[in-house]
Amino acid sequence: MSEPTSIAGPAAGPAEPGSAEEAAAELHGTIAGIEHRLAAWAAETGTALAAMSGKVTGTAVDKLIRPVVEELVQLPEGYAAGAGFIANAGLLGPERSYIAWWQGPDLEPVDALANFSPNSISRYVKAEWFRIPVETGRAHVTGPYVDFLCTDEYVLTFTHPVFTRPGGPVAGIVGVDVTVQRLERWAMPALRRVGARAVLANADGRAVVSAASDIDAGDFATPDEPCRHYPVGRTFTVWSDAVGL
């Protein structure tokens, strides 16, 4: 699979230093690649669930989702620390949810015991990464935040709604956890080419990766105008010069 849809880092080392625009384009390619792969996975999952003709079971969901997760978390130089699918209430039966989520190269299951509880959906309905895609029918990125459920690290959770038919209800969400530490290892050289105080920020103004030593992941920051602004992915921005708040 090509780099824009593989959720993997570059096959070789960072490109030779070039313009700030080229560096920002590299960062955009990384984030957009994660978003594009997730959108494709959501579409594939919706088609497969629809083909089950209403006979969706936990076993069938696991068989559908696990091979994709295995591919994502075991990619060399990949960013995915974990990934999976969470069914919305009703897909597997009235008032029932289901989680098929694994993390790490050993594919450790996450919160699998919740599948035995009829109230398991309540664990997720208020979580931003589940609630917003279900309510809006659109992709969402949560974080950076400390993921106490899975990694205990700062992560970005990319999630995308899954539909079994156009215009129908949201059947569930697919998602990928990307640790800030993994993203930073590749993003920092490009970010420093943008500026000594360049910051990759989310839509709320929280730093994801920062070239400035006094701005950490999760800190609020703001552009120190005049500075250059570069869109990255659907919702992120790189500021060439930023200050912490």
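Which backbone oxygen does the side chain of N202 reach at 2.8 Å? The side chain of N202 reaches the backbone oxygen of G143. This is a predicted model, in which local features need pLDDT of at least 70, side-chain atom pairs count only at pLDDT 80 or more, and totals for chains, interfaces and linings use all residues. Residues are numbered from 1 along each chain as its sequence is written, and side-chain values use heavy atoms, with hydrogens and water left out.

N202 lies in the loop between β7 and β8. Strands here are DSSP runs of E with at least two residues, and helices are runs of H or I with at least four residues, numbered from the N terminus. A second polar contact of the N202 side chain, through one of its polar atoms, is with the backbone nitrogen of D204 at 2.9 Å. A polar contact is a pair of N or O atoms within 3.5 Å; within protein, one must be able to donate a hydrogen and the other to accept it, and residues adjacent in sequence count only if both atoms are side-chain atoms. N202 has a relative accessible area of 9%, so it is buried (under 20% relative accessible area; exposed is over 50%, partly exposed in between, with a 1.4 Å probe and protein chains only). Leaving out residues up to four places away in sequence, N202 touches G143, P144, V208, T235 and F236, where contact means heavy atoms within 4.5 Å.

Beyond neighbours within four places in sequence, S210 is in contact with M188, L191, A198, V199 and I215.

M188 and L191 are among the buried residues of helix α4, as are L183 and W186. Helix α4 covers residues 180–194 and has a kink of about 50 degrees at A187, shortly before the proline P189. The bend at a residue is the angle between axes fitted to the seven residues ending there and the seven starting there.

Helix α2 (residues 58–73) also has a kink, of about 30 degrees, at I65, shortly before the proline P67. The 16 residues of α2 reach 21 Å from the first C-alpha to the last, close to the 22 Å expected at 1.5 Å a residue; the expected span is 1.5 Å times one less than the number of residues. The buried residues of α2 are G58, V61, I65, V68, V69, L72 and V73. They pack against α1 (20–51), β1 (80–87), β2 (98–103) and β6 (170–179).

With a relative accessible area of 10%, V56 is buried. V56 and L92 are 36 residues apart in sequence, yet 5.6 Å apart in space, C-alpha to C-alpha. Not counting residues up to four places away in sequence, V56 touches L49, V61, L91 and L92.

Now the sheets. An open sheet of six strands runs in the order β3-β2-β1-β6-β5-β4, with antiparallel pairing. β3 (108–109) and β4 (140–146) stand at the edges with a single partner strand each, so one side of each is left without a neighbour in the sheet. Two strands pair if DSSP finds at least two bridges between them. Strand β5 (residues 154–163) and β6 pair over nine bridges, and V162 has G172 in β6 as its bridge partner.

Strand β11 (residues 236–239) pairs with β7 (residues 199–201) in the antiparallel sense over three bridges, with L200 opposite V238. Strand β10 (residues 229–232) pairs with β11, also in the antiparallel sense, over four bridges; there P231 stands opposite T237. The hairpin of β10 and β11 has three residues between the strands, and in it G233 takes a positive phi near 65 degrees.

The largest nonpolar core has 53 residues, of which W41, F85, F158, L183, L200 and F236 touch the most other members. α1 gives the most to this core, with 10 residues. A nonpolar core is a set of buried Ala, Val, Leu, Ile, Met, Phe, Trp, Tyr and Cys residues joined through side-chain atoms within 4.5 Å. Apart from neighbours within four places in sequence, W41 is in contact with residues including I65, V68, V69 and L72, and also A83 and V174.
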